[in-house]
Amino acid sequence: MKSVLILNGPNLNLLGTRQPEVYGAETLAMVEEACRAHGAAAGIEVSCFQSNHEGALLDQIHAAKGVHIGIVLNAGAYTHTSVALMDAIYSVEVPTVEVHLSNIHARESFRHTSYISRAAIGQICGFGSFGYLMAIDALLQRQLRNEAS
Ligand code: DQA
């Protein structure tokens with residue numbers, strides 16, 4: 001069965017209580033469950049992982065090669081700092097969709113820069129948790145298009 005990895009970075013374990021006016025009231029467990037249900041409806045398995053540690057996120061990206069058809073990555077604040085995460089995505093060549101709950105381009109200027117965007121196939125931001133579901137669909141569409149060609 002095809003699978004997608006949902007990878008969440010630092011502080012996203014605090015969803016639900018962390019600045020709900022910015023990030024919404026849903027917990028990470030709720031977001032992950034919605035992703036699993038969305039994937040199941042489309043016939044794909046969804047694996048979820050969250051860490052506050054950059055190295056642990058790197059290890060997950062490395063391990064995704066040959067296992068998942070794609071990665072949905074919300075790298076949290078590492079988005080704006082991590083050359084290592086960008087390099088990992090380039091290295092494994094697993095299609096990665098960058099997701100942010102908030103519209104990072106409408107926020108502080110330090111959030112406008114994303115290292116992830118350089119290596120990702122696309123970015124979805126500003127739609128809250130619905131962005132994760134859009135990202136799953138984008139990866140599935142890409143995979144089906146590739147299989148057809
Ligand atoms: C975020 C945006 C980042 O700037 C921030 O550091 C986060 C969450 C988002 O989902 O909107 O931790 O990635």
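How many Å should the 14 residues of helix α2 (residues 28-41) span, at 1.5 Å a residue? They should span 20 Å, and the end C-alpha atoms of α2 are 20 Å apart, which agrees. The expected span of a helix is 1.5 Å times one less than its number of residues. Helices (H or I, at least four residues) and strands (E, at least two) are DSSP runs, numbered from the N terminus.

A word before the views: this is a predicted model, in which local features need pLDDT of at least 70 and side-chain atom pairs count only at pLDDT 80 or more, while totals for chains, interfaces and linings use all residues. Residues are numbered from 1 along each chain as its sequence is written, and side-chain values use heavy atoms, with hydrogens and water left out.

View 1. Look for L28, V31, E32, C35 and G39, the buried residues of α2; buried means under 20% relative accessible area, exposed over 50% and partly exposed in between, with a 1.4 Å probe and protein chains only. These residues cover an arc of only 95 degrees around the axis, which puts them on the same side of α2. The arc is that of the directions from the helix axis to the C-beta atoms. On the face turned away from that buried side sit the exposed residues A29, A40 and A41. The buried residues of α2 pack against β1 (3-8), β2 (45-50) and α6 (130-148), where contact means heavy atoms within 4.5 Å.

**View 2. The end of α2.** A41 belongs to helix α2 and is exposed, with a relative accessible area of 73%. From A41 to I6 the separation is 35 residues in sequence and 16 Å in space, C-alpha to C-alpha. Just after α2 comes G43, with a positive phi of about 80 degrees.

**View 3. The largest nonpolar core.** This core has 22 residues, and V4, I6, C35, V72, Y132 and I136 are those with the most contacts inside it. A nonpolar core is a set of buried Ala, Val, Leu, Ile, Met, Phe, Trp, Tyr and Cys residues joined through side-chain atoms within 4.5 Å. Two or more residues each come from β1, α2, β4 (96-100) and α6. The most come from α6, which gives six residues. A second, separate core of 19 residues includes L5, I71, L73 and M86. In soluble globular proteins, nonpolar side chains tend to be buried together.

**View 4. A closer look at C35.** Which residues is C35 in contact with, leaving aside its neighbours within four places in sequence? They are I6, V46, Y132, L133 and I136.

**View 5. Helix α6 and its packing partners.** With 19 residues, α6 reaches 27 Å from its first C-alpha to its last, close to the 27 Å expected at 1.5 Å a residue. Its buried residues are G131, Y132, L133, A135, I136, L139 and L140. The buried residues of α6 pack against β1, α2, β2, β3 (70-74), β4 and β5 (122-125).

**View 6. Helices α3 and α4 side by side.** The axes of α3 (residues 54-64) and α4 (residues 83-92) come within 9 Å and cross at roughly 10 degrees. Here, axes are lines fitted to C-alpha atoms, for helices over the stretch in contact, and angles run from 0 to 180 degrees between N-to-C directions. The two helices are therefore roughly parallel to each other, a label for angles under 35 degrees. At their meeting place, E54, L57, L58, I61 and H62 in α3 meet A84, L85, A88, I89 and V92 in α4.

**View 7. The buried face of α3.** L57, L58, I61 and A64 are the buried residues of α3. Seen down the axis of α3, they fall within an arc of 120 degrees, so they line one face of the helix. These buried residues pack against β1, β3 and α4. After α3 comes G66, whose phi is positive, near 80 degrees.

View 8. In the loop between β5 and α6 you will find G126, which counts as partly exposed at 39% relative accessibility. Not counting residues up to four places away in sequence, G126 touches H100, L101, S102 and N103. N11 lies in the loop between β1 and α1 (20-23) and has a positive phi of about 75 degrees although it is not a glycine. E93, in the loop between α4 and β4, has a positive phi of about 55 degrees and is not a glycine. N11 is partly exposed, with a relative accessible area of 34%, whereas E93 is exposed, at 65%.

Terms used. Parallel < 35°, antiparallel > 145°, perpendicular 65-115°, else oblique.
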